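Dear colleague,

I am passing on the structure we spoke about, and below it you will find my notes on what was found. Please read them with the model open beside you.

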Amino acid sequence: MTTQQTLLQIDTSARLEGSYSRRLTQAFVKAWLAEAESDDRQLIYRDIGKTPVPAIDGIWAAAYEMEPELRTAEMLGAIALSDELLDELFAADCYVFGVPMYNLTIPATLKAYLDQVVRRDRTLEFISGKPQGRLKGKKALVITTRKFNYREGTEAAARNFLEPYLKAILKIMGIEEVTFVVADQLAAEDEVKEASLAQAEADLLELARYW
Ligand SMILES: Cc1cc2nc3c(=O)[nH]c(=O)nc-3n(C[C@H](O)[C@H](O)[C@H](O)COP(=O)(O)O)c2cc1C
C-alpha cells in the first residue's frame with residue numbers, strides 16, 4: 001500500500017536572488033522528492049519572503065479572544081488568511097523552513113506568519129486547562145543561514161535567539177521533532193564560506209535519505 005507524504009516548504013529570505021537558504025531548501029526538497037519509493041510524495045510551497053503575510057491587527061486579536069461561534073463577519077474576514085494558512089499546515093505531514101538569521105533571530109516575516117497560525121481554537125487544545133499543540137506527530141526541518149558563527153561553545157552563542165525561539169514555538173504547536181541544519185560564516189573568506197555551504201548541503205542530502 002502506498003502512503004502519502006506531504007511536505008510544506010516555507011521560504012522566508014527577503015532575497016529572491018542569491019539566497020543561500022533558498023538554495024539549500026531547494027536542494028533538500030529535490031532530494032527528498034527523488035527518494036520517494038513506496039510512498040507518494042507531494043509538495044506544498046509557500047514563499048513568505050516574496051509574499052509576506054500581514055501582521056495581525058486589532059480585529060484579528062479580538063477574533064482570537066472570541067468564542068468561534070460569536071465572531072462577527074469583520075472578525076471572520078480578519079482571520080480568513082490565518083484559516084487558509086492553518087489548513088495548509090494541517091494538510092502537511094512535515095515542514096521545511098528556510099530561515100536566514102536577521103538581527104539575531106528569525107525574519108519579521110516569519111514572526112508575522114507564526115502569529116497568524118498559533119491560534120487558541122485551531123493550533124491549541126486545552127486539556128485540564130493546559131495548552132497542547134494540535135500538530136502532534138509532525139516534524140520540521142529548519143535550514144538556517146547566517147553571516148557569523150553562533151555555535152555552542154562560541155562567545156556569540158548567547159546571542160543566538162533563532163534556534164531556541166523556533167524550537168519553543170514549534171513545540172507549543174505540537175511539533176517536537178525539529179532538526180536544524182546551519183550554514184554559517186557566510187561573511188568569511190570564500191574557502192570557509194564554501195566549506196560551510198558544502199557541509200550543510202551534504203548533511204541535507206544525507207537527511208533526505210531517511211527523513
Ligand atoms: C536585515 C539583516 C539582518 C541580519 N542579521 C544578521 C545577524 O544578526 N547575524 C548574522 O550572522 N547574520 C545576519 N545577517 C546576514 C544573513 O543572515 C545572511 O546574509 C544570510 O545568508 C541570509 O540568508 P539568505 O542568503 O537566504 O538571504 C543579516 C542580514 C540581513 C539582511
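Helix H1 (residues 20-34) and helix H7 (residues 190-208) pack with their axes 8 Å apart and at an angle of about 25°, which makes H1 roughly parallel to H7, a term used for angles under 35 degrees. Here axes are lines fitted to C-alpha atoms, for helices over the stretch in contact, and angles run from 0 to 180 degrees between N-to-C directions; helices are DSSP runs of H or I with at least four residues, strands are E runs of at least two, and both are numbered from the N terminus. To this contact H1 brings residues including Tyr-20, Leu-24 and Phe-28, while H7 brings, among others, Leu-197, Glu-201 and Leu-204 (contact means C-beta atoms, placed from the backbone, within 7 Å).

Please note that this is a predicted model, in which local features need pLDDT of at least 70 and side-chain atom pairs count only at pLDDT 80 or more, whereas totals for chains, interfaces and linings use all residues. Residues are numbered from 1 along each chain as its sequence is written.

The open sheet has five strands in the order E2-E1-E3-E6-E7, with parallel pairing (two strands pair if DSSP finds at least two bridges between them). Strands E2 (39-47) and E7 (177-183) stand at the edges, each with a single partner strand, so one side of each has no neighbour in the sheet. Strand E3 (residues 94-100) runs parallel to strand E6 (residues 139-145), and seven bridges join them; Val-96 stands opposite Leu-141 in E6.

How values were computed
Angles under 35 degrees count as roughly parallel, over 145 as roughly antiparallel, 65 to 115 as roughly perpendicular and the rest as oblique. Two residues are in contact if their C-beta atoms, placed from the backbone, lie within 7 Å.
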